[in-house]
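Me: Please take a close look at a single part of this structure and describe it in one connected account. I would like each term to be given with its cut-off.

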Amino acid sequence: MFLRLFAAFAAASAVLASAPATASLSRAEQRMTAVVDAEQERTVAMLARWVDQNSGTLNLEGVEAVGRMVRAELEPLGFEVEWIDMKATGRAGHLVATHKGNGRGKRMLLVAHLDTVFEPHSPFQRWVRRGDWGEGPGSGDDKGGMAVIVAALRAMHQAGKLKNADIKLVLTGDEEDAGSPIDLARRDLVAAGRWADVALDFEGLAVEDGKDMGSTARRSSDSWTLTVTARSGHSSGIMRPESGAGAIYELARIIDSFRRELPEDKLTYNVGMVGGGETLELSGDKVRMSATGKTNIIAATAVARGDLRALTREQIERTKAKMQAIVARPLPGAKAVLTFDEGGYPPMAPTAGNRALLARLNAVNRDMGLAEMGELDPERRGAGDISFVAADVDSLAGLGAAARGSHAPGEAVDIPSIFRQAKRAAILMSRLAAERR
Ligand SMILES: [Zn+2]
């Protein structure tokens, strides 16, 4: 009896000890992870070709060329691919690809982007592999993310898990510098978000202390301009009732009040540029000022430009109202106007639905034998395209590749993270496709 029990126990332990990390994956899921691994070199070679084609946001031909390269990967998988021209917004366009499944499972929207911050005049143009790192413009942000998508879809295709899946890909061509008007520039993305049940964003995977993190939220990004005008006059009369405080003291009062009165968790507000004097001119692109003035003249005008980043729409509205209230109590002789630029990025708030998606991804992690992913502090992430759909659909960000030095020469993608993320995405998407919508 003892022996039999012992033998059974020993056999069970032997099974446990020799069980692969994929013990909880179905046969098809194991097949998908095997395909991602078998195609590693093919995936890296594809990424290298994309990186070697410059696609700085303002290089419209380059962005379109990368669009054609990605199209060539998607059509053999059964996607119907459409190029949406966006010249009317001053940008190249977007690639929208649709895979028709059985119409019963969750509809998935995959978001990534074709463009990079590196224009043709940048010295940083080529892919260079250094062991596990792939250096190159957009290698991580976001061509690495597109490589994750293609590797995952190919794995689903070969395991027979793609045919039933209803998937739409929107690869924007202007994520790094959105076209204008923004309503037109994001029209197709927003429409795809309304169609979808789930949105997955393939921008960079966040890694903290060596641990992969889940991104359930991204903060908004808005820019503002504060314009102050005031009664001018001889400096000797400043602060007297008849002359007032001048524009620069009023500007200083306002931005210092912002600093003291606005603080809230997950909210930041930067003052990026100030100027003032007797005259002031702000350039059309709003990144240069030229001022004139004298020490003995009360400043007639002053301007400040800055940004505002928040976690929810309510937080944005509350903060904007506080800012306007501060602006509305000017010093004597001054008048201020605060405006917000068109084209801001909305927030992706950390909703229960987004957290439920991360829980799904963590079920995948457990079944793959990987550590669970914690929730990334949204202060650690910038704004992104997924925020345009996040109000309409449950969303998860950061499903792309891990990278270092994004947006600067030397940007490099962590190559093994592409495969890890492609396996996670393939399994997550095939499970979602099997779930009734
Ligand atoms: Zn990006």
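Reply: Along the chain, the donors of the zinc ion follow the spacing H-x27-D-x61-E. They are His113 through NE2, Asp141 through OD and Glu203 through OE, at 1.7 to 2.1 Å. The pair His113 and Glu203 links distant parts of the chain: His113 belongs to strand β3 (residues 108-113), Glu203 to the loop between β7 (198-201) and β8, and 90 residues separate them. Donors here are N, O and S atoms within 2.8 Å of the metal (3.2 Å for Na, K and Ca), and sites may look incomplete because water is not among the atoms. Helices (H or I, at least four residues) and strands (E, at least two) are DSSP runs numbered from the N terminus.

The model is predicted, so local features need pLDDT of at least 70 and side-chain atom pairs count only at pLDDT 80 or more, while totals for chains, interfaces and linings use all residues. Residues are numbered from 1 along each chain as its sequence is written, and side-chain values use heavy atoms, with hydrogens and water left out.

His113 counts as buried because its relative accessibility is 1%, and Glu203 is buried at 6%. The classes are set with a 1.4 Å probe on protein chains only: buried means under 20% relative accessible area, exposed over 50%, and partly exposed in between.

Arg218 is found in the loop between β9 and β10 (222-230) and is buried, with a relative accessible area of 4%. Its side chain reaches two backbone oxygens, that of Gly382 at 2.9 Å and that of Ala383 at 3.3 Å. A polar contact is a pair of N or O atoms within 3.5 Å; within protein, one must be able to donate a hydrogen and the other to accept it, and residues adjacent in sequence count only if both atoms are side-chain atoms.

Strands β8 and β9 come next. They belong to an open sheet of 3 strands, ordered β8-β9-β16 with mixed pairing. Its edge strands are β8 and β16, each of which pairs on one side only. Strands β8 and β9 run antiparallel and are joined by 3 bridges; two strands pair if DSSP finds at least two bridges between them. Val207 has Asp212 as its bridge partner in β9.

A salt bridge is a side-chain nitrogen of Lys or Arg within 4 Å of a carboxyl oxygen of Asp or Glu. Glu208 forms one with Arg380, the closest N and O atoms being 2.9 Å apart. This pair links distant parts of the chain, 172 residues apart: Glu208 lies in β8 (residues 206-208), and Arg380 in the loop between β16 (374-375) and β17 (394-396). Glu208 is partly exposed at 22%, whereas Arg380 is exposed at 58%.

Asp212 meets Arg420 in a salt bridge of 2.8 Å, N to O. Asp212 counts as buried because its relative accessibility is 10%, while Arg420, at 22%, is partly exposed.
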